[in-house]
Amino acid sequence: MEVFTLFGTDEHKEKYLKPLLDGTIRSAFAMTEPDVASSDATNIEMSMVRDGDDYVLNGRKWFASNAMHKNCRVLIVMGKTDPAAAPHRQQSMMVVPIDAPGVTVVRNLPVFGYHDREGHAEILFEDVRVPSKDVLKGEGEGFAISQARLGPGRIHHCMRAIGVSERALELLCRRAQSRVTFGKPVADNANIQDWIAEARIEIEMIRLLTLKTAYLMDTVGNKEARTEIAAIKVAGPNIALKIVDRAIQVHGGGGVTDDFPLAMAYAHLRTLRLADGPDEVHKRAIAKQELRKYRDLRPTS
Ligand SMILES: Cc1cc2nc3c(=O)[nH]c(=O)nc-3n(C[C@H](O)[C@H](O)[C@H](O)COP(=O)(O)OP(=O)(O)OC[C@H]3O[C@@H](n4cnc5c(N)ncnc54)[C@H](O)[C@@H]3O)c2cc1C
């Protein structure tokens, strides 16, 4: 929705943004490809070749979240329009109806054995024709759009991770109070209290960092807030995973079954260390910003 809001034409807004906001249709974003390391978006290989007033798309994408939803109508697809251009000007993004001729939704990828209802689709594009009016922002702008898009998406993930952390801590406390081993409630053991205290401290830490990030996004914009966006994208899922893991431990064998929501929560949270960029790529961005402050100390060759 952010992409249509920021870069869509009036026609895109009428045809897709309004029904997306009304909740009557869904969209999916197709950038990642099975055949190349997609955490570096310059690797993307889908070809988008100009032919008259159209572009012809060929390539294979995967992990297009939402694409299996019965109401998914439209894809935003990233590919290469000019492989000879500068590395960050080769890519473009196009609006493609999911039922366009040549688009095949191949399969729904399971995540740790779970199939999300909305799905993470593998999609094949074979000679898909896209009119030039459906190129977002213009040819060569794909990289810039992906940067604009991922800020809001990332902070939403973190907000959900905080919610899951709270739920897991509640379940942990309830279980630890109610189960008795060796003559006392599990909650009376010092290590369990340590886990509970650490969880509360860490939830408050990620909540405040998320609020700071949201404040900066609102006041100085996504670009200026990029270090905080990257930081919360790493911290949120990792802390939530640690808390859910400890809640599973306190639940014993039951914790890894589907009788409790913890195993599924763990599986979903684990994907957030990859979706919208792996931890290492966000840490790399943070480190670059920090090192930039001291670049005058680098030896000159
Ligand atoms: C549940 C889920 C939903 C997703 N939804 C979408 C979606 O809707 N649309 C979409 O286009 N994609 C989506 N993705 C894909 C996701 O964005 C990619 O998986 C991610 O960007 C990594 O790309 P890759 O899988 O090609 O890994 P690769 O690029 O092959 O990287 C593999 C690993 O290499 C390591 N690595 C990479 N760079 C560095 C570095 N500089 N330093 C150290 N280590 C490094 C990291 O550990 C990384 O995990 C989703 C993924 C998941 C799991």
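Which handedness does the crossing of α5 and α7 have?

1. The crossing of α5 and α7 is left-handed. As this is a predicted model, the geometry that follows should be read as that of a prediction. The axes of these two helices, α5 and α7, cross at roughly 140° and come within 9 Å. Angles over 145 degrees count as roughly antiparallel, and α5 and α7 are therefore described as oblique to each other.

2. Helix α5, which spans residues 226–250, also packs with helix α4, residues 190–219, at an angle of about 155° and with the axes 9 Å apart. The two helices α4 and α5 are therefore roughly antiparallel to each other, and α4 passes α5 in a left-handed crossing. Sorted by class, the residues in the contact of α4 with α5 comprise 15 nonpolar, 6 charged and 4 polar ones.

3. A further partner of α5 is helix α6, made up of residues 262–271, and here the packing angle is about 160°, with the axes of α5 and α6 9 Å apart. This pair, α5 and α6, is therefore roughly antiparallel, and its crossing is left-handed.

4. Turning to the ligand, there are 21 residues around it, of which F29, T32, S38, S39 and F63 come nearest. By class, the shell around the ligand consists of 11 nonpolar, 7 polar and 3 charged residues.

5. In the side chain of T32, an N or O atom is 2.7 Å from a nitrogen atom of the ligand, while a polar side-chain atom of S65 lies 2.8 Å from a ligand nitrogen. For F63, by contrast, the atom concerned belongs to the backbone: a polar backbone atom of F63 is 3.0 Å from a nitrogen atom of the ligand. The ligand taken alone exposes 980 Å², and the protein buries 69% of that area.

6. As for where the shell around the ligand comes from, the elements that give two or more residues to it are β1 (26–30), β3 (54–65) and α7 (279–292).

Methods: Residues are numbered from 1 along each chain as its sequence is written. This is a predicted model: local features need pLDDT of at least 70, side-chain atom pairs count only at pLDDT 80 or more; totals for chains, interfaces and linings use all residues. Side-chain values use heavy atoms; hydrogens and water are left out. Axes are lines fitted to C-alpha atoms, for helices over the stretch in contact, and angles run from 0 to 180 degrees between N-to-C directions. Helices (H or I, at least four residues) and strands (E, at least two) are DSSP runs, numbered from the N terminus. Angles under 35 degrees count as roughly parallel, over 145 as roughly antiparallel, 65 to 115 as roughly perpendicular and the rest as oblique. A crossing is left-handed if the near helix is turned anticlockwise from the far one by less than a right angle, and right-handed if clockwise. Ala, Val, Leu, Ile, Met, Phe, Trp, Tyr, Cys and Pro count as nonpolar, Asp, Glu, Lys and Arg as charged, and the others, Gly among them, as polar. A residue is near a molecule or strand if one of its heavy atoms lies within 4 Å of it. A polar contact is a pair of N or O atoms within 3.5 Å; within protein, one must be able to donate a hydrogen and the other to accept it, and residues adjacent in sequence count only if both atoms are side-chain atoms. Accessible areas come from the Shrake-Rupley method with a 1.4 Å probe; for residues, only the protein chains shown count as cover.
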